[in-house]
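Open your viewer and get ready to select residues by number.

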Amino acid sequence: MRIALIGYGKMGHAIEALAAERGHEVTVKIDKGDPWPAKIDANVAIEFTTPATAVENMLHCFEVGVPVICGTTGWYGDYEKVVAECRAHGGSLFTATNFSIGMNIMFELNRRLAELMHGRDDYKVSIRETHHIHKLDAPSGTAITLKEQIVENGKREEENVQITSYREGEVPGTHTVIYDSEIDTITLTHEAHSRKGLAMGAVLAAEFLSKADAGIYTMKDILGK
């Protein structure tokens, strides 16, 4: 498989290394300020940039007919616009607020825990997330997904699910859901040890998307959920 990397920072380097281990080739690298080549010689593009540039990058991929995996967060206010453009071009888009397989397992646990805690108003729920100082969006897309699951499945009011964000050093990403009562506390935590989990999920998504029909996909499509 030939991969175009849009964004060649630490995540781009991690994806490149893992892709090579799995027998794939990175044929295009586009970093901040680089001009787009006239042709993108790739089966798929993997986009990890910034909230300010992600939408434009995805739209360009649709225009040149390259399926795109987007790992950037902070742009989801434009999600419907991007999906509409993807469909208008007959393209393919794969999005996730977190590509880590472990984190997506936590999403399933969080959803089920929220269902179990429905109606238990003696437990106050909150979310705490910590990332490296280079992360531009706060709260993280992952934390927002966790909150949305709690609101939907636990029937909680949005204003009653608070997210606290920390930006420290080079922390890859830690997310904790906390249910706290006078009697006890229940916590659910995912702690990334490196960017390798995100890179693996992105490469798995690329392998999936390179063989899939045109359409809109998420991690549920490769996890079978």
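In which loop is the place of K155? Select K155 and look at both sides: this residue sits in the loop between α5 and β7 (162-167). Keep in mind that you are viewing a predicted model. K155 is not a glycine, yet its phi is positive, about 55°. The residue is exposed, with a relative accessible area of 57%.

**Next stop: a cis bond.** Select A138 and P139. The peptide bond from A138 to P139 is cis, and its omega is near 0°. P139 lies in the loop between β6 (124-131) and α5.

Select α1, residues 10-21. This helix has 12 residues. From its first C-alpha to its last it reaches 17 Å, close to the 16 Å expected at 1.5 Å a residue. Colour M11, G12, I15, L18 and A19: these are the buried residues of α1. Look down the axis of α1. The buried residues fall within an arc of 135°, so they line one face of the helix. What do the buried residues of α1 pack against? Show β1, β3 and α6 to see their partners. Then step past the end of the helix to G23, which follows α1 and has a positive phi, near 85°.

**Into the core.** Select I15, I46, I69, F94 and F99. Within the largest nonpolar core, which has 23 residues, these five touch the most other members. Elements that each supply at least two residues of this core include β1 (2-6) and β3 (44-47). The largest share, six residues, comes from α6. Zoom in on F94. Beyond its neighbours within four places in sequence, F94 has contacts that include V68, F99, L209, Y217 and I222. Now select I30, A45, C70 and V83. They are among the 21 residues of a second, separate core.

Conventions. Residues are numbered from 1 along each chain as its sequence is written. This is a predicted model: local features need pLDDT of at least 70, side-chain atom pairs count only at pLDDT 80 or more; totals for chains, interfaces and linings use all residues. Side-chain values use heavy atoms; hydrogens and water are left out. A nonpolar core is a set of buried Ala, Val, Leu, Ile, Met, Phe, Trp, Tyr and Cys residues joined through side-chain atoms within 4.5 Å. Buried means under 20% relative accessible area, exposed over 50%, partly exposed in between (1.4 Å probe, protein chains only). Helices (H or I, at least four residues) and strands (E, at least two) are DSSP runs, numbered from the N terminus. Contact means heavy atoms within 4.5 Å. The expected span of a helix is 1.5 Å times one less than its number of residues. The arc is that of the directions from the helix axis to the C-beta atoms.
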